[in-house]
Amino acid sequence: SPSERDVAPTATRLRTAGVAIAAGAALVLVGSALDLDVARSLVPGWRVMVPSTALCFVFLGTALAVGPSSRRGLAATASVALATAAGVMALATIHEYATGARSGFETWGGLWTFDAAPYAGRMSPMTSLVLLTLAVAVGAAVLPGRRAVTCARLAAGSALFASWLAILALSVDMGRLANEPRFPGMAAPTIVFVVLTGATVLALTTLPSAGRSAAALGLRWPVW
């Protein structure tokens, strides 16, 4: 089987990809704080990425940066915890749409202010589902066993398929890029981050050591 030296270059590239995802999402947060449209939507007038979506990608990018770099307990714990945090935020948003409640996730307890529209500042239902899927993919990618790897690949592939559908919808109707709520809808920066995150997860699952770090957590996943 490949040695650690053989997989080290790939692990380094994956770590770099995770850092890039987290840093890019952090720039979106800065753009939101400074009201810079180019950071939130790539092009002024296009649909913006909301702060809660950006924070989820900060979590997922950091989890990917930690995951391939070390198989020790602390790194594994951090990777799983960060993926879980992103999943909880996405799940909470889905719950808000289902019940009509507002948990405050989209405003961070009042840190961000939006207009009085019912869904102002909230990630779209499609984005919520895709982020939840990516959170599952990232979390499963560091669990031991073939079933965990299969789960990670299926979840990452599903997210990539959703991004492809979003791109297809844009090719048919460019009006979906406008900064207005339209179902299902995803902002252009969101689509880019989904593609980068999903592709990185798929690459992570090809590493022979993928999943070993979770052993330090005491996590057990049945092996086929």
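Mentor: Start with contact, which means heavy atoms within 4.5 Å. Keep in mind that this is a predicted model.

Trainee: Which residues does M49 touch, not counting residues up to four places away in sequence?

Mentor: M49 touches V28, S32, R40, A54, F57, A187, P189, T190 and F193. Take P189 from that list: M49 and P189 are 140 residues apart in sequence, yet their C-alpha atoms are 6.5 Å apart in space.

Trainee: Where does M49 lie, and is M49 buried or exposed?

Mentor: M49 lies in the loop between α2 (37–41) and α3 (51–66). Buried means under 20% relative accessible area. M49 has a relative accessible area of 1%, so M49 is buried.

Trainee: How should I read the cysteines, and how many disulfides does the structure hold?

Mentor: A disulfide is a covalent bond between the sulfur atoms of two cysteines. The structure holds zero disulfides. Accessibility can still be read for each cysteine. C56 is buried because its relative accessible area is 0%. C151, at 25%, is partly exposed.

Trainee: What about the surface? Which residues form a nonpolar patch there?

Mentor: The patch consists of F161, W164, L165, L168 and V172, which together have about 520 Å² of accessible area. Look at one member, V172, whose place is in helix α6 (residues 146–172). Exposed means over 50% relative accessible area. V172 has 69%, so V172 is exposed.

Methods: Residues numbered from 1 in each chain as written. Predicted model: local features only at pLDDT ≥ 70, side-chain atom pairs only at ≥ 80, totals over all residues. Heavy atoms only, no water. Helix = DSSP H or I, 4+ residues; strand = E, 2+ residues; numbered from the N terminus. Buried < 20%, exposed > 50% of the residue type's maximum accessible area, 1.4 Å probe, protein only. Disulfide = S-S within 2.5 Å. Patch = residues over 30% accessible without salt bridge, like charges linked within 9 Å, V, L, I, M, F, W, Y side chains within 5 Å. Areas by Shrake-Rupley, 256 points an atom, 1.4 Å probe, with all protein chains shown as cover. Salt bridge = Lys/Arg side-chain N within 4 Å of Asp/Glu carboxyl O.
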